[in-house]
Amino acid sequence: MPQKRRPFDATWLPFGLMIGFALSIGILLPLTGSVLITAGAGLLLGAALGIVLGLRP
């Protein structure tokens with residue numbers, strides 16, 4: 001019997017966090033000038049990206 005695919009692959013979460021944080025530093029830091037706002041946005045963007053990548057078939 002074939003194994004079922006896991007509904008969420010958590011190995012993508014660290015990659016999403018790194019990519020989202022790097023994008024936010026490159027884009028938002030020059031616009032806002034605040035490291036805290038940029039870091040928070042990067043964390044949220046990275047978590048969302050990691051979850052989306054982890055849920056794809």
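1. T38 is found in helix 2, residues 35-55; helices here are DSSP runs of H or I with at least four residues, numbered from the N terminus. T38 counts as buried, at 0% relative accessibility. Buried means under 20% relative accessible area, exposed over 50%, and partly exposed in between, with a 1.4 Å probe and protein chains only. Leaving aside neighbours within four places in sequence, T38 is in contact with S24, I25, L28, L29 and T32, where contact means heavy atoms within 4.5 Å.

2. The model is predicted, so local features need pLDDT of at least 70 and side-chain atom pairs count only at pLDDT 80 or more, while totals for chains, interfaces and linings use all residues. Residues are numbered from 1 along each chain as its sequence is written, and side-chain values use heavy atoms, with hydrogens and water left out.

3. Helix 1 comprises residues 12-32. Its 21 residues reach 28 Å from the first C-alpha to the last, close to the 30 Å expected at 1.5 Å a residue; the expected span is 1.5 Å times one less than the number of residues. A kink of about 35° in helix 1 is centred on I25, the bend at a residue being the angle between axes fitted to the seven residues ending there and the seven starting there. After helix 1 comes G33, with a positive phi near 80°.

4. Which residues of helix 1 are buried? They are G16, G20 and S24. These buried residues of helix 1 pack against helix 2. S24 is also among the contacts of T38.

5. A nonpolar patch on the surface is formed by F15, M18, I19, L23, I27, L31 and L45, with about 710 Å² of accessible area together. Helix 1 gives the most to this patch, with six residues. Patches are made of residues with over 30% relative accessible area and no salt bridge, nonpolar side chains (Val, Leu, Ile, Met, Phe, Trp, Tyr) being joined within 5 Å and like charges within 9 Å. A salt bridge is a side-chain nitrogen of Lys or Arg within 4 Å of a carboxyl oxygen of Asp or Glu. Accessible areas come from the Shrake-Rupley method with a 1.4 Å probe, and for residues only the protein chains shown count as cover.

6. I19 lies in helix 1 and is partly exposed, with a relative accessible area of 42%. L23, also in helix 1, is partly exposed at 44%. Not counting residues up to four places away in sequence, L23 touches L28 and L45.

Technical notes. Helix = DSSP H or I, 4+ residues; strand = E, 2+ residues; numbered from the N terminus.
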